[in-house]
Amino acid sequence: MKKLLLIFSLLAVTLSVSTSCKDDEYESAWKEYAEWRETNEQYLADQARLENPDGKAVYERVIPSWNPGVYVLIRYFNDRKLTEGNLVPLSTSTVDVKYKGMLYNDVPFDSSYNIKATYGDSIYRTRLNSDIIDGWKIALQHMHVGDSVEVLMPYNVGYGYSGSGVILPFSTLKFGLKLVDIPYYEVRP
């Protein structure tokens, strides 16, 4: 019994130290990247307010039902009436996409156009329930096969406060996405 109590005590201390370190990392990044963060947030807010000449918003705000505290902005480049009967990915779907990833200022950081896969040039195949960023999960589940979009993602559905490679912490991400196919599509029960 004493061993069990000791194990639980050590576990509690470890979790407390781990949480404290993450809080310190977040606070440090928040201060260090303040100017970058504010510039990215302002860009996203400006884009969210853009209107077409007819007064309609340029970007649609998409909020997932599984997390109403987050969103992405989507701008469609195709006539959605032509794709409305096409398949839409489920949270467990495998999808084939073409994409180009950029920072808010159009600096590119990744692209499927450099991929030569056996299932098609420039195709990136992934599962929505894999380790892709939440912004992709939100956007793709709102698209039909054949849709081409520009997606703007706040940092909290991208790479967060830690960043990744050339993507600095608190970066707004901009993706050009085309949903090419949903291989192995599963039918809802």
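## Pocket linings

By class, the lining of the largest pocket comprises five nonpolar, one polar and four charged residues. In this classification Ala, Val, Leu, Ile, Met, Phe, Trp, Tyr, Cys and Pro are nonpolar, Asp, Glu, Lys and Arg are charged, and the others, Gly among them, are polar. The residues concerned are Asn52, Asp54, Lys56, Ala57, Val58, Tyr59, Glu60, Ile74, Arg75 and Tyr76. Strand β2 (residues 72–76) gives the largest share of this lining, three residues. The volume of the largest pocket is about 240 Å³. A pocket is an open set of points on a 1 Å grid over the protein atoms alone, where a 1.4 Å probe fits, with protein on both sides within 12 Å along at least five of seven lines; lining residues have an atom within 4 Å of a point. Grid points are joined across faces, edges and corners, and the volume is the space filled by probe spheres set on them.

The second largest pocket holds about 180 Å³ of space. Its lining has eight nonpolar, no polar and two charged residues. Tyr99, Phe109, Asp110, Tyr124, Asp131, Ile132, Ile133, Trp136, Tyr159 and Phe175 form that lining.

## Basis of the model

The structure is a predicted model, in which local features need pLDDT of at least 70 and side-chain atom pairs count only at pLDDT 80 or more, whereas totals for chains, interfaces and linings use all residues. Residues are numbered from 1 along each chain as its sequence is written, and side-chain values use heavy atoms, with hydrogens and water left out.

## Overall architecture

The chain contains three helices and nine strands, arranged along the sequence as α-α-β-β-β-β-β-β-β-α-β-β. Helices (H or I, at least four residues) and strands (E, at least two) are DSSP runs numbered from the N terminus. Of the 189 residues, 39% count as buried, that is, under 20% relative accessible area, with exposed meaning over 50% and partly exposed in between (1.4 Å probe, protein chains only). Among contacts (heavy atoms within 4.5 Å) with a separation of 6 or more, 70% join residues 24 or more positions apart.

## Nonpolar core

The largest nonpolar core has 37 residues, of which Trp136, Leu140, Met153, Phe175 and Leu177 touch the most other members. Two or more residues each come from α2 (34–49), β2, β3 (94–103), α3 (134–140), β8 (148–153) and β9 (173–181). Such a core is a set of buried Ala, Val, Leu, Ile, Met, Phe, Trp, Tyr and Cys residues joined through side-chain atoms within 4.5 Å.

Leaving aside residues up to four places away in sequence, methionine 153 touches Val72, Ile133, Gly135, Trp136, Ser171, Thr172, Leu173 and Phe175.

## Loop residues

Serine 112 lies in the loop between β4 (108–111) and β5 (116–117) and counts as buried because its relative accessibility is 0%. Its side chain reaches the backbone nitrogen of tyrosine 99 at 2.9 Å. Beyond four places in sequence, serine 112 touches Val97, Lys98, Tyr99, Ser122, Ile123 and Tyr124.

Histidine 144 occupies the loop between α3 and β8 and is buried, with a relative accessible area of 15%. Residues up to four places away not counted, histidine 144 touches Arg80, Thr83, Glu84, Asn86, Leu87, Val88 and Leu179. Asparagine 67, in the loop between β1 (60–62) and β2, is partly exposed at 29%. Asparagine 67 and isoleucine 138 are 71 residues apart in sequence and 9.6 Å apart in space, C-alpha to C-alpha.

Notes
A polar contact is a pair of N or O atoms within 3.5 Å; within protein, one must be able to donate a hydrogen and the other to accept it, and residues adjacent in sequence count only if both atoms are side-chain atoms.
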